[in-house]
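The following paragraphs lead through one protein structure step by step. Please keep the sequence and the 3D view at hand while reading.

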Amino acid sequence: LLICVILCLIFLALLRLLSVPWLCSLLAWLGVLVLWMGSWGNIYIAICTIKRDLLCLAAIVKVKLAMYRNLRNKRTIPALFAQKVQQHPDKHALIFEATGEVWSFKELQERCNAVAHWALAQGWAEGDVVALYMENHPLVVALWLGLAMVGVEAAFINYNLRQQPLLHCIGVSGARAMVFGAEMTKGGKEA
């Protein structure tokens, strides 16, 4: 293995001396490594899955570039969401399979706006942290986006936590307040 690594590094250095681009050098180095190790089965698997892997890589690069652009332009998630609402107001935004609920972008925005007004009425301001302790439901998304609209950060607390682990997570989050679902009360679900 040590000999293989040394030979591959020498091969990589030779490619760099010949001014071969780094991606080509990396691919060549990986090819030499696989051939040297005698992993013919792995080569077959790589050939069979190359299309899927390249599509996945392209998707990851596309998402990373979009994130970089949005960070550079200082666009927030609520601003991006508002843009999608304008583009597709009646398109499905959330489909909750458990109950069959379907919310359009417009309906979700209305709920988010209601949450934002409610948060401001509570006296929460930009930079505050509020813990969300509820089971999975579309309302969680509305709460998160609605709080984000007024600059309040949501700390998602795992709804399976009880007693000391729950107290620890709430304490670590630095939450000023906690929003919880009725299912999390003693009457709603065993605590």
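**A guided reading of the chain**

Glutamine 163 is found in helix α7 (residues 163-173); helices are DSSP runs of H or I with at least four residues, strands are DSSP runs of E with at least two, and both are numbered from the N terminus. This is a predicted model, in which local features need pLDDT of at least 70 and side-chain atom pairs count only at pLDDT 80 or more, while totals for chains, interfaces and linings use all residues. Residues are numbered from 1 along each chain as its sequence is written, and side-chain values use heavy atoms, with hydrogens and water left out.

Glutamine 163 has a positive phi of about 50° although it is not a glycine. Most residues other than glycine have a negative phi. Glutamine 163 counts as exposed because its relative accessibility is 62%; buried means under 20% relative accessible area, exposed means over 50%, and partly exposed lies in between, with a 1.4 Å probe and protein chains only. A positive phi, of about 55°, is also found at lysine 74, which is not a glycine either. Lysine 74 lies in the loop between α3 and α4 (77-87), and it is exposed because its relative accessible area is 71%.

The chain as a whole may now be considered. The protein chain holds 7 helices and 5 strands, and along the sequence they follow the pattern α-α-α-α-β-β-α-β-α-β-α-β. Of its 191 residues, 22% count as buried. The accessible surface comes to about 13,300 Å², and 66% of it belongs to carbon and sulfur atoms; such areas come from the Shrake-Rupley method with a 1.4 Å probe, and for residues only the protein chains shown count as cover. Among contacts between residues at least 6 apart in sequence, 61% join residues at least 24 apart, where contact means heavy atoms within 4.5 Å.

Helix α3 (residues 40-72) contains asparagine 70. Asparagine 70 counts as buried because its relative accessibility is 17%. Leaving aside residues up to four places away in sequence, asparagine 70 touches Arg75 and Leu80.

Two strands are said to pair if DSSP finds at least two bridges between them. Within this pair, isoleucine 95 has valine 102 in β2 as its bridge partner. The two strands form a hairpin with 4 residues between them, and glycine 100 in the turn has a positive phi of about 80°.

The next element to examine is helix α6 (residues 138-149). At 1.5 Å a residue, its 12 residues should span 16 Å, and the end C-alpha atoms are 17 Å apart, which agrees; the expected span is 1.5 Å times one less than the number of residues. The buried residues of α6 are Pro138, Val140, Ala142, Leu143, Leu145, Gly146 and Leu147. Alanine 142 is buried because its relative accessible area is 0%. Not counting residues up to four places away in sequence, alanine 142 touches Trp103, Leu108, Arg111, Cys112 and Val115. Alanine 142 and glutamate 107 are 35 residues apart in sequence, and their C-alpha atoms are 9.8 Å apart in space. Just after α6, glycine 151 takes a positive phi of about 85°.

Strand β3 (residues 129-133) pairs with β5 in the parallel sense over 4 bridges, and alanine 131 stands opposite methionine 178 in β5.

The cysteines complete the reading. A disulfide is a pair of cysteine sulfur atoms within 2.5 Å, and by this rule the count comes to 0 disulfides. Cysteine 48 counts as partly exposed because its relative accessibility is 49%. Cysteine 112, one of the residues that alanine 142 touches, is buried because its relative accessible area is 0%.
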